[in-house]
Amino acid sequence: MTVKPIHIIGGGLAGSEAAWQIAEAGVPVVLHEMRPVRGTEAHKTEGLAELVCSNSFRSDDSLSNAVGQLHWEMRRLGSVIIAKGDAHQVPAGGALAVDRDGFSQAVTAALEGHPLITIDRAEIAGLPPVDWDNVIIATGPLTSPALAQGIQSLTGEDSLAFFDAIAPIVHFDSVDMDQAWFQSRYDKVGPGGTGADYINCPLDRDQYEAFIDALLAAEKTEFKEWEGTPYFDGCLPIEVMAERGRETLRWGPMKPVGLTNKHNPTVKAYAVVQLRQDNALGTLFNMTGFQTKLKYGEQAAIFRMIPGLQNAEFARLGGIHRNTYLNSPKLLDERLRLKADPRLRFAGQITGCEGYVESAAIGLLAGRMAAAERLGRDLALPPATTALGALVNHITGGHIVTIDEGPRSFQPMNINFGLFPHIEGQATHGPDGKKLKGPAKSVARKHALTARAKAEMEAWAGGVEVQAAE
């Protein structure tokens, strides 16, 4: 019996990985890549899986680093992206960095040489033809205007974000709650709220003035020429607000009204930074209204000036840049299919993941799900305790909607331990019998999370392999 091909739009890391996974499952696939027929503002070659920014896949430490754990899981699942990255590795300490040209050429050659993969060098203008019944859209942050418009026609005008306005996101367990406290402004109980939904970090006048001085003196990143200057909907960078007047932030995201410091109730804060819960697990909180173009190193130093955040660990730092992506928790089902048109499945950065490895990982899962669907198999989702499962859970449902009347809060995210479910029963004492504290406690927690993830991934992968063999 002839198996109808699956179509993939986009030959970046996610699309290339999806094509490989589908073909390896025995299903034919057509990979549509518009380069070189139509170029983009960022790409320089016509190679598949071209790395347009860094040549690093970040840490390869699968014991203590979430992206290293994701590398481990992708190797276990036969990722072509990680395999070719390993084959073209260049020295980078504990990171997996690659020779970008050699890597792209190797991925291109692997896909061109696979008997079940056809590569079509043409732009898909608008939505895919109606007779394509199983499609993966993996067009990344530079989706062509015609296709983006077609997707918007299905999802609604406000369902694609053409620019990120990203506030920093902090790991809850790194916030000093001896200085910060939970309270909503005026104790207001908003939709889904309790009246104590924000973490509040108070600043006195001297602390506020020092914070403003640091913002004004800090080095900023510039927009690329093709990005424009997309300040909209009140999403001004905090440093731009500070430039408009030293008191501007106190009348904006740092206003102190309606709040009482439970640690010092008789003293009124001069300014307050609020953090809002960012995921259903309650492990991540975003700094409300703190979108910024500050350089990353500057951000970490300046934000740790805020009382309560002096030891903050950031799941991601802030930014504003061009990045077409879906409001995935609202628009996609748990199998990455568009609820409005389930023949369309999405993968990579357009789903709201961030980073080379994360994009490829979602491509890997989308490819496996599309192939299983074509073959009439039921592919269980990877457990949320694995890096891959945690990532797809964040994209499709782990994120909470805003608890107040502000704009939607779903933002692109790298894999990080804040996306993993809490682990019980981890070691509290070291081999020497001493109680673990500070960094040692954090390392023990990470080791426990990755050990659980490896065991869960091994069990899931083994089950998938048995099903495929039957």
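Some ground rules: it's a predicted model, so local features need pLDDT of at least 70, side-chain atom pairs count only at pLDDT 80 or more, and totals for chains, interfaces and linings use all residues. Residues are numbered from 1 along each chain as its sequence is written, and side-chain values use heavy atoms, with hydrogens and water left out.

**Exercise 1.** Work out what span is expected for helix α1 and how far α1 reaches.

*Solution.* Helices are DSSP runs of H or I with at least four residues, and strands are runs of E with at least two, numbered from the N terminus. Take α1, residues 13–24, with twelve residues. The expected span is 1.5 Å times one less than the number of residues, which gives 16 Å here. From first C-alpha to last, α1 reaches 16 Å, close to that value. After α1 comes G26, with a positive phi near 90°.

**Exercise 2.** Decide whether α1 is mostly covered or open.

*Solution.* Buried means under 20% relative accessible area, exposed over 50%, partly exposed in between (1.4 Å probe, protein chains only). Eleven of the twelve residues in α1 are buried, so the helix is mostly covered. Among them are W20 and I22.

**Exercise 3.** Find where confidence is lowest and highest in the chain.

*Solution.* The chain averages 86, and 85% of the residues score at least 70. Confidence is lowest in strand β8 (residues 160–166), at a mean of 61, and highest in α1, at 98.

Key. pLDDT = per-residue confidence, 0-100.
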